[in-house]
Amino acid sequence: MKTRVLHTSSFVGDAAAIIHDAALEAIAARGIFRLSLCGGNTPKPIYAELAKSTDIPWAKVQLTFGDERCVPPDHDQSNYRMAKHTLLDAAHVPEGNVFRIRGEIDPETASLEYEQKLAHVASRFGEERYAHDLLLLGLGEDGHTASIFPGSPALDEKVRNVIPATGPKPPPQRITFTLPLINAARHVCFLVNDPAKAGMIDEVIAGDMSRPAAHVKPASGHLTWLLGS
Ligand code: 6PG
């Protein structure tokens with residue numbers, strides 16, 4: 001695994017460029033770009049910037065969500081709603097290309113349904129586990145990523161790809177990618193643009209395994225930290 005830590009004063013532009021370049025590379029190589037979107041506030045301007053790209057063939061992009069809050073898709077805390085308002089509508093991403101986690105139904109049912117959706121695509125590619133070309137992650141001040149929080153049973157999940165989760169960051173009930181699915185990605189990119197998280201970033205990169213984000217080690221891919229300064 002190759003880890004790179006990039007500091008930038010052009011955080012939004014550089015993040016959008018990483019995603020843009022990964023898209024064109026994947027589509028050239030495999031005819032499709034499988035991208036997982038992260039939630040929270042950090043990615044909002046990045047998705048809006050990405051939507052301005054004129055040369056990404058969105059019909060060849062498959063979008064998943066690294067986690068979702070257990071709320072309806074029109075709820076102001078929905079990660080899907082955030083992506084819809086910043087990227088999906090502006091870029092006219094075909095609806096069939098967006099794999100929405102149904103946060104409005106029973107979490108275990110929604111998790112199993114999502115796992116089946118990913119497994120169907122993975123089987124088409126001969127993959128044991130769905131392999132994202134690029135998987136975006138945020139970082140919480142407690143070292144959580146996706147909806148894998150400190151002390152979470154999700155930290156010990158070795159089989160499942162998508163599971164229900166709870167955490168201290170409201171809303172508490174969520175659905176999250178597991179570490180096996182995250183680590184199956186070709187490339188994982190943490191996007192962090194908050195000086196208050198500098199100490200936590202150092203702890204995670206130093207390998208403090210009490211921090212969930214430190215468990216992100218893509219087996220056959222690359223790990224990027226894009227840090228706004
Ligand atoms: C979520 C995210 C979560 C987020 C971090 C950082 O659904 O809340 O997946 O992991 O990425 O908490 O959030 P901010 O970008 O808002 O700081």
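1. The largest nonpolar core has 69 residues. Phe-33, Leu-87 and Leu-136 touch the most other members. Such a core is a set of buried Ala, Val, Leu, Ile, Met, Phe, Trp, Tyr and Cys residues joined through side-chain atoms within 4.5 Å. Buried means under 20% relative accessible area, exposed over 50%, and partly exposed in between (1.4 Å probe, protein chains only). Helix H1 (residues 11-30) gives the most to this core: eight residues. Helices (H or I, at least four residues) and strands (E, at least two) are DSSP runs, numbered from the N terminus.

2. The model is predicted: local features need pLDDT of at least 70, side-chain atom pairs count only at pLDDT 80 or more, and totals for chains, interfaces and linings use all residues. Residues are numbered from 1 along each chain as its sequence is written, and side-chain values use heavy atoms, with hydrogens and water left out.

3. Look next at Leu-136. Leaving aside neighbours within four places in sequence, its contacts (heavy atoms within 4.5 Å) include Ile-19, Leu-35, Tyr-47 and Leu-191. Cys-38 and Cys-189 are also among them.

4. Now the backbone. Most residues other than glycine have a negative phi, and most peptide bonds are trans. His-92 is not a glycine, yet has a positive phi of about 50°. His-92 sits in the loop between helix H3 (79-88) and helix H4 (107-124). It counts as exposed, at 65% relative accessibility.

5. Ala-146 also has a positive phi, about 50°, without being a glycine. Its loop runs between strand S5 (134-137) and S6. Ala-146 is buried, with a relative accessible area of 13%.

6. Check Pro-170 and Pro-171. A cis peptide bond joins them, with omega about -5°. Pro-171 lies in the loop between strand S6 (162-166) and strand S7 (173-177).
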